[in-house]
Amino acid sequence: MTARMQELANEIVRLHAELDREIEARRKALGWHLKRKFIEFEHSITLEHRRFRKSIPKFLVQSSLGAYLSTPVIYSLIVPLVLLDLWASAYQAICFRVYRIPRVARGDYITFDRRHLAYLNWIEAFNCLYCGYANGVIGYVREIASLTEQYWCPIKHALRVPDPHRRYYDFLEYGDADGYRARLAEFREKLRSETAP
């Protein structure tokens with residue numbers, strides 16, 4: 001990685017930290033905070049949220065025909081998602097142990113916290129549960145894949161990759177044969193010594 005690339009990567013990290021501070025300030029403004037992974041709203045905020053909850057009959061009447069027709073297709077994705085979740089968990093349980101790669105904590109990616117929102121009716125809360133699971137599984141599998149890629153093939157692509165995983169920027173440049181042969185063991189050792197996020 002060139003000095004300029006490292007400078008840009010450092011700037012990205014700095015901006016993420018700044019964004020986290022802004023998100024925390026917004027949380028306070030919305031009247032909630034985290035206490036040991038538990039979400040706490042101010043009582044008056046919870047009461048206000050309940051006023052915005054849409055009744056089930058009203059929700060169903062206002063839903064479009066397209067929503068009714070697409071719902072089975074949307075929820076059919078649960079089958080491959082569960083299979084992917086199970087397979088990725090088995091994959092890392094077996095392969096990561098063999099190569100001494102730290103395992104990814106599934107619970108860090110699959111989050112079911114939207115059920116605490118008093119302005120959601122049970123259908124909306126269930127939809128949020130489903131989306132949280134789906135995106136959590138994808139994030140979980142992406143992290144497992146990024147660890148696998150770092151171990152076996154820490155090389156950038158020649159073509160631009162939209163939204164690469166967080167490890168990608170540290171990978172070797174495409175075409176750097178000497179670097180690959182000289183540093184592959186270093187990448188593997190670094191991976192073994194870190195703790196998965």
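Helices here are DSSP runs of at least four residues, numbered from the N terminus. Valine 79 lies in one of them, helix H5. Keep in mind that the model is predicted.

Start with H5 itself. Helix H5 covers residues 78-99. How far apart should its ends be? At 1.5 Å a residue, the 22 residues of H5 should span 32 Å.

Now look at which way the residues of H5 face. Valine 79 has a relative accessible area of 51%. The cut-off for exposed is over 50%, so valine 79 counts as exposed. Other residues of H5 are hidden. Leu81, Asp85, Ala88, Gln92 and Phe96 are buried. An α-helix has 3.6 residues a turn, so residues three or four places apart point the same way. What do the buried residues of H5 pack against? Their partner is H6.

That brings us to the pair H5 and H6. Two packed helices are described by the angle between their axes and the distance between the axes. The axes of H5 and H6 come within 10 Å. They cross at roughly 30 degrees. Angles under 35 degrees count as roughly parallel, so H5 is roughly parallel to H6. The crossing of H5 past H6 is left-handed. From H5 come Ile78, Leu81, Val82, Leu84, Asp85, Ala88, Ser89, Tyr91, Gln92, Phe96 and Tyr99. From H6 come Tyr130, Tyr133, Ala134, Val137, Ile138, Tyr140, Val141, Ile144, Leu147, Thr148, Tyr151 and Trp152. Sorted by class, the contact of H5 with H6 has 19 nonpolar, 3 polar and 1 charged residues.

Next, follow the chain out of H5. Arginine 100 comes after the helix. This residue is found in the loop between H5 and H6. Its phi is positive, about 60 degrees, although arginine 100 is not a glycine. Is arginine 100 buried or exposed? Arginine 100 counts as exposed, at 51% relative accessibility.

The loop between H5 and H6 also holds alanine 118. Alanine 118 is buried, because its relative accessible area is 9% and the cut-off for buried is under 20%. What does alanine 118 touch? Leaving aside residues up to four places away in sequence, alanine 118 touches Thr46, His49, Arg50 and Arg53. Compare its position with alanine 134, one of the H6 residues in the contact with H5. Alanine 118 and alanine 134 are 16 residues apart in sequence. Their C-alpha atoms are 22 Å apart in space.

Move on to H6 and its other partner. Helix H6 runs over residues 122-152, and helix H7 over residues 177-193. The axes of H6 and H7 come within 7 Å and cross at roughly 140 degrees. That angle makes H6 oblique to H7. On the H6 side, the contact is made by Leu147, Gln150, Tyr151 and Trp152. On the H7 side, Tyr180, Leu184, Phe187, Arg188, Lys190, Leu191 and Arg192 take part. The residues of this contact of H6 with H7 divide into 7 nonpolar, 1 polar and 3 charged.

Between H6 and H7 there is a loop, and aspartate 163 is found there. Aspartate 163 has a positive phi of about 50 degrees, although aspartate 163 is not a glycine. At 60% relative accessibility, aspartate 163 counts as exposed.

Finally, go back towards the start of the chain. Helix H1 covers residues 3-30, and glutamate 24 lies in this helix. Glutamate 24 counts as partly exposed, at 29% relative accessibility. Valine 79 gives one more pair to trace. Valine 79 and tyrosine 68 are 11 residues apart in sequence and 20 Å apart in space, C-alpha to C-alpha.

Notes:
Residues numbered from 1 in each chain as written. Predicted model: local features only at pLDDT ≥ 70, side-chain atom pairs only at ≥ 80, totals over all residues. Heavy atoms only, no water. Axes fitted to C-alpha atoms, helices over the stretch in contact; angles between N-to-C directions. Helix = DSSP H or I, 4+ residues; strand = E, 2+ residues; numbered from the N terminus. Parallel < 35°, antiparallel > 145°, perpendicular 65-115°, else oblique. Contact = heavy atoms within 4.5 Å. Nonpolar A, V, L, I, M, F, W, Y, C, P; charged D, E, K, R; others polar. Left-handed = near helix turned anticlockwise from the far one by under 90°. Expected span 1.5 Å × (residues − 1). Buried < 20%, exposed > 50% of the residue type's maximum accessible area, 1.4 Å probe, protein only.
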